[in-house]
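Dear colleague,

I am passing on the structure below, and after it you will find my notes on what came out of it. Please read them with the model open beside you.

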Amino acid sequence: MSASNDDNKSTLGRFWGWLRRPSAGLAVGTLLVVGFFTGILFWGGFNWSMEMTNNEAFCISCHEMEDNVYQEYRETVHYSNRTGVRATCPDCHVPKSWIHKIARKIQASNELYHHFLGTLDTREKYEAKRLTLAKNVWKVMKETDSRECRNCHSFEYMDFVEQEKRSQGSHEEAIDDNMTCIDCHKGIAHELPAGIIGVDGVPNMGN
Amino acid sequence: MKTWMKATAVAIAVAVITVMSVDGAIAQDGVQSLRGGTALDEGLRAADIARPNTGKRFTRNYRQQPPLIPHRIDKYQIDLKANQCMGCHDWPQNVDANAPKISETHYVSPTGVRLNKVSGSRWFCNQCHVPQSLAKALVPNTFTSSNDMR
């Protein structure tokens, strides 16, 4: 691609030509150093902006979250407890490892889409959809062996002696049967959905 | 007519004297406000919270007493959508959970029809069942268990 016929091309074509041409005037060292720092800037900027979407304030900036699940979560032990340790929305709902986090963030574009469609913009709509939404989260938790729970909780460091009798027994049984947290701990941070009766693997708690 | 007026006058006099003497009795002990004897600029110490006792199950004080709950239930959801107590105490899951089954009377509708699920009128467990606690009686009383009376 020579410079002489650049005039006949569009702006995009000329830019492409400029990109493909070997650099004549710049030292390889300059290119490397500039490239290195630009890389840091872009990569840092990318991660920084992703982190901006990964905190509680961002999550509850949508009223679907603030009016429903957030209010329920405020009543639970993951919000307020004896020691003051807290788990915020992304601690449970966004994976910590990078690849899985990106995958979840891409999926979240579907949530944005439904926010703008107004799929859940009233309490009634939310309640009607709650069972489906809850089942989605339970399914993912089951598939990942409750990965997000295990960021903080693990059987290895669990002192059964400190637990109530009924928890001791159940936790030992869970280890033996290779169960995962979400198998029993459903509805711990948000209300259980109506129609939970007959859901596979859930003891009958509905009317 | 005169008798009626006399009776009224006596009644009023009696009422006034009674009020005054009651007033006097209170004045002798010093007037007690809701804050008790604590001065306004002093902080009032809150009563201790009675914590649920998660040890052995307490025995009932009388035959019909709803059994007390020997564990915490603070975060349990009991509403129109779900009842987390049922997760362990409803039949048949109570067998695996090794938990007491809710009474058979709770599977009978108010009109006497036997049901295969807990009756709606028995749905809200904590209307009758409360976590047990070693709380002291708020008011001194002479309650004696019916078992001790036999």
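Among contacts in chain B between residues at least 6 apart in sequence, those that join residues at least 24 apart make up 47%, two residues being in contact if their C-beta atoms, placed from the backbone, lie within 7 Å. Please note that this is a predicted model, in which local features need pLDDT of at least 70 and side-chain atom pairs count only at pLDDT 80 or more, while totals for chains, interfaces and linings use all residues. Residues are numbered from 1 along each chain as its sequence is written, and chains are lettered from A and ligands numbered from 1 in the order in which they are written.

Chain B has 4 helices and 0 strands, and its pattern along the sequence is α-α-α-α (helices are DSSP runs of H or I of at least four residues, strands are runs of E of at least two, and both are numbered from the N terminus). Of its 150 residues, 9% count as buried, that is, with 20 or more other C-beta atoms within 10 Å of their own, these atoms being placed from the backbone.

Between the chains, 16 residues of chain B are in contact with 15 residues of chain A.

Leaving aside residues up to four places away in sequence, Val118(B) touches Met86(B), Asp90(B), Ile102(B), His106(B), Tyr107(B) and Trp123(B).

Just after α7(A), Asp145(A) takes a positive phi of about 55°.

Best wishes

Notes. A residue is buried if 20 or more other C-beta atoms lie within 10 Å of its own, exposed if 12 or fewer, and partly exposed in between; C-beta atoms are placed from the backbone.
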